[in-house]
Amino acid sequence: MENLLMTQASKFEQVLESVETLSIEEQEALIDLVQRRLAEQRRSEIAANIAQAQAEYQAGKVFRGTVEQVIAELRQ
């Protein structure tokens, strides 16, 4: 595990060093691109979570009730 962390850290350092060789404009474009890709990944994760929740709801795997009912169910 420690070796894996060191490998990941060294890859990260390599990426940082590569980014530092870019011009300011290229670095800004890279930041914009990474932010857009992260936002798209988050949207995809949210869509997958929604689809899973809908499937569970339709399969009757979702508990519905008041807060008191939920707490009572959890205590059982």
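Is glycine 60 buried or exposed? Glycine 60 is exposed, because its relative accessible area is 57%, and exposed here means over 50%. We will come back to that residue once the rest of the chain is in view. Keep in mind as you read that this is a predicted model.

The average pLDDT of the protein chain is 91, and 95% of the residues reach at least 70. Confidence is lowest in helix 1, residues 2-20, where the mean is 85. Helix 2 has the highest confidence, at 97. Helix 2 is also where much of this tour takes place.

Now for the overall architecture. The protein chain has 3 helices and 0 strands, giving the pattern α-α-α along the sequence. The radius of gyration is 22 Å, whereas the globule rule gives 11 Å for 76 residues, so the protein chain is more spread out than a compact globule. Along its principal axes, the C-alpha trace spans about 60 × 30 × 20 Å. Burial tells you something about the chain too: of its 76 residues, 0% count as buried. The accessible surface comes to about 7,200 Å², and carbon and sulfur atoms account for 56% of it.

Next, take a walk along helix 2, which covers residues 24-58.

Valine 34 is partly exposed, with a relative accessible area of 40%. A residue needs over 30% to join a patch, so valine 34, at 40%, clears that cut-off.

Charged residues come next. Side chains of opposite charge can pair when their charged atoms come close. The count for this model is 2 salt bridges. One of them links arginine 36 to aspartate 32, with 3.0 Å between the closest N and O atoms. These two residues are 4 residues apart in helix 2, which means that about one helical turn separates them. Arginine 36 is exposed, at a relative accessible area of 57%, while aspartate 32 is partly exposed, at 34%.

Another salt bridge joins glutamate 40 and arginine 43, whose closest N and O atoms are 3.1 Å apart. Both residues lie in helix 2, with a spacing of 3 residues, or about one turn of the helix. Glutamate 40 is partly exposed, with a relative accessible area of 40%.

That brings us back to glycine 60, which follows helix 2. Glycine 60 sits in the loop between helix 2 and helix 3, the latter running over residues 67-75. Its phi is positive, near 75 degrees. How many Å separate the C-alpha atoms of glycine 60 and leucine 16? The separation is 48 Å, for two residues that are 44 residues apart along the chain.

Terms used. Residues numbered from 1 in each chain as written. Predicted model: local features only at pLDDT ≥ 70, side-chain atom pairs only at ≥ 80, totals over all residues. Heavy atoms only, no water. Buried < 20%, exposed > 50% of the residue type's maximum accessible area, 1.4 Å probe, protein only. Salt bridge = Lys/Arg side-chain N within 4 Å of Asp/Glu carboxyl O. pLDDT = per-residue confidence, 0-100. Rg over C-alpha atoms; globule rule 2.2 N^0.38 Å. Areas by Shrake-Rupley, 256 points an atom, 1.4 Å probe, with all protein chains shown as cover.
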